[in-house]
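This report describes selected local features of one protein chain. Please consult the sequence and the structure shown below while reading.

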Amino acid sequence: MNKPLYEVREFHNFRELLNQSEERYGNSPAFKIKNQIGQILDISYTRFKADVEALGTALLSLGLDGAKVAVAGMNSYKWCTSYLAVGCGVGVVVPTDKELPFDDILSVLTVSESKAIIFDKKFGEKLLEHREKLPKGLLLISMDQQNDSDGILSYDLLLNKGYHLIGKGNSDYLDRDVEGNKMTVLLFTSGTTGMSKAVMLSADNICSDVRAIMGFVKINKGERILSILPIHHTYECTVTFLCCIYGGVTICFCDGLRYITKNLEEYKPNILIVVPLVLEKFYKRIMKAIAKERGGVAKVALGSAITKVAGAAKLDVSSLFFGKIKKAFGGSIRLIISGAAGIDPEIIKNMNRFGIQTFQGYGLTECAPIVICNNDKDNKYDSIGKPIPYVEAKIVNPDENGIGEICVKGPMVMLGYYKDPEATRAAFDPDGWYHTGDLGRTDREGHYYICGRCKSVIVTTNGKNVYPEELESMLLKENAVKECIVTGADDERGNTIVFARIFPDLKAIGATYGNRNITDKEISKAVSEAVKNVNSQVVSYKSIKRFEIVSKEFEKTTTSKIKRNQ
């Protein structure tokens, strides 16, 4: 088990976390938010704690003691306040994907048995369009509605009510004992295969993960982070929200993916938590600009060499050579963590060469979520890292190449699946190891490498294992390929072969033809060449025997992972 690199303080529930942070950081800004006319305002840790307590007091006054309360909407201050208000003493918070169609929203509300839902304007439009189908007695609380009307309660009025009740001496919420080891968060997974499951996490599961992450990665009081990824997802919620509350960081919110560049300039974040898709887009834009600049590639090579030497002497001269690159991220960027899917290690390597500490990690909703991660002292670009503090990990049933299923143990591992004891039993072995369903291997130093999903492994007719993710990663390096899914398929003889579905990069293909309109035949030729190039790099049983060109992008989860069952 790896030891923390940094000293971390103890806390086992959200109230302890919030109280400690308010005591330490007080009037420091916990959030930067925009008002209705676009002005950026600071909200202190002291104000944030007071708002959480006021909202929690008001929710209790509605009879929601012990209830499950769903929260849905854009990443926002009110979302964060709602999450902790419920989690610090009301009941169980149910973070809900704002992009879900109504039928799935209804399923979440029904399965979770939520008694209330707090939502923003856009999400509310979906709810109200089918209001007659909502569970009877469900309390509707709007983050944006100024007044109570049409049976919908106003968040703002509830907040004011809570302050009023506390002012009159009501301490029902403030005096509650908060247990860290019981279910506090109920999350519906957005898996790439199969139906979602309802994951039960205790506050201590999540707090353990926060402590472990902060023991591996150094963040500093007063730094700024831009919240980009959907906050209902554990990756964003734990790392961008709760870890940063622990560390005294100021949280800023992205106005939407189309506004990332503008928001980076506005907030000048020091830290970013991203999925590979976001980082890849920035990286491609940067490399394109370098290639266009006269002597750009040579300057980068020289700057990288000098930065590396200076770094060994504890000197940071990266801004002298890579100021323009850092400016693309707002100018103050120091740390980027990529997760939720694999990323080309060359991107990680080059971002670090540019003086921006960048590494990847690995986790699952069931583990709150991070269990393995690179760290400040040990960053191996092609690896997901080592188990974080308090986590045990191992590879079970390895094959001749050392590839087997990753299993983990630790205080961040879930309580189980909600009302599904059979699925819970199937996820754990008799010794309490959680089976992740992911395939991996380790090197001699204990670094872990992801090789694929157990469910997606292709077993050829001659018994060889082929890992689709390996081939997909190689295909994505080809200019002609924008997205792909590799699976097994039967040939005319009934033998299992490797089959790829490919969404071509029409812009890249068109560039090779002078950016004119390209024909289907030219697209097919470009994709065929890409497949041949990949096949030339692998042993014969791994080669792609057949491929299909698809006309539209693949459906994705909210963390930009392609859903495999489509």
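In this predicted model, helix α3 (residues 77–87) and helix α8 (residues 234–247) have axes that come within 12 Å and cross at roughly 95 degrees. Angles of 65 to 115 degrees count as roughly perpendicular, and α3 and α8 are therefore roughly perpendicular to each other. On the α3 side the contact is made by Trp79, Cys80, Tyr83 and Leu84, and on the α8 side by Cys237, Phe241 and Leu242. Classified by residue type, the contact of α3 with α8 comprises seven nonpolar residues, with no polar and no charged ones.

Helix α8 also takes part in a right-handed β-α-β unit, together with β10 and β11. Strand β10 (residues 224–227) pairs with strand β11 (residues 250–253) and with strand β12 (residues 271–274), as tabulated here.

| Strand pair | Sense | Bridges | Bridge partners |
|---|---|---|---|
| β10 and β11 | parallel | four | arginine 224 and threonine 250 |
| β10 and β12 | parallel | two | leucine 226 and leucine 272 |

Is aspartate 520 buried or exposed? Its relative accessible area is 67%; because the exposed class begins over 50%, aspartate 520 is exposed. Between aspartate 520 and arginine 453, which lie 67 residues apart along the chain, the C-alpha separation is 33 Å.

Note on methods: Residues are numbered from 1 along each chain as its sequence is written. This is a predicted model: local features need pLDDT of at least 70, side-chain atom pairs count only at pLDDT 80 or more; totals for chains, interfaces and linings use all residues. Side-chain values use heavy atoms; hydrogens and water are left out. Axes are lines fitted to C-alpha atoms, for helices over the stretch in contact, and angles run from 0 to 180 degrees between N-to-C directions. Angles under 35 degrees count as roughly parallel, over 145 as roughly antiparallel, 65 to 115 as roughly perpendicular and the rest as oblique. Contact means heavy atoms within 4.5 Å. Ala, Val, Leu, Ile, Met, Phe, Trp, Tyr, Cys and Pro count as nonpolar, Asp, Glu, Lys and Arg as charged, and the others, Gly among them, as polar. Buried means under 20% relative accessible area, exposed over 50%, partly exposed in between (1.4 Å probe, protein chains only). Two strands pair if DSSP finds at least two bridges between them. A crossover is right-handed if, with the strands pointing away from the viewer, the path from the first strand over the helix to the second runs clockwise.
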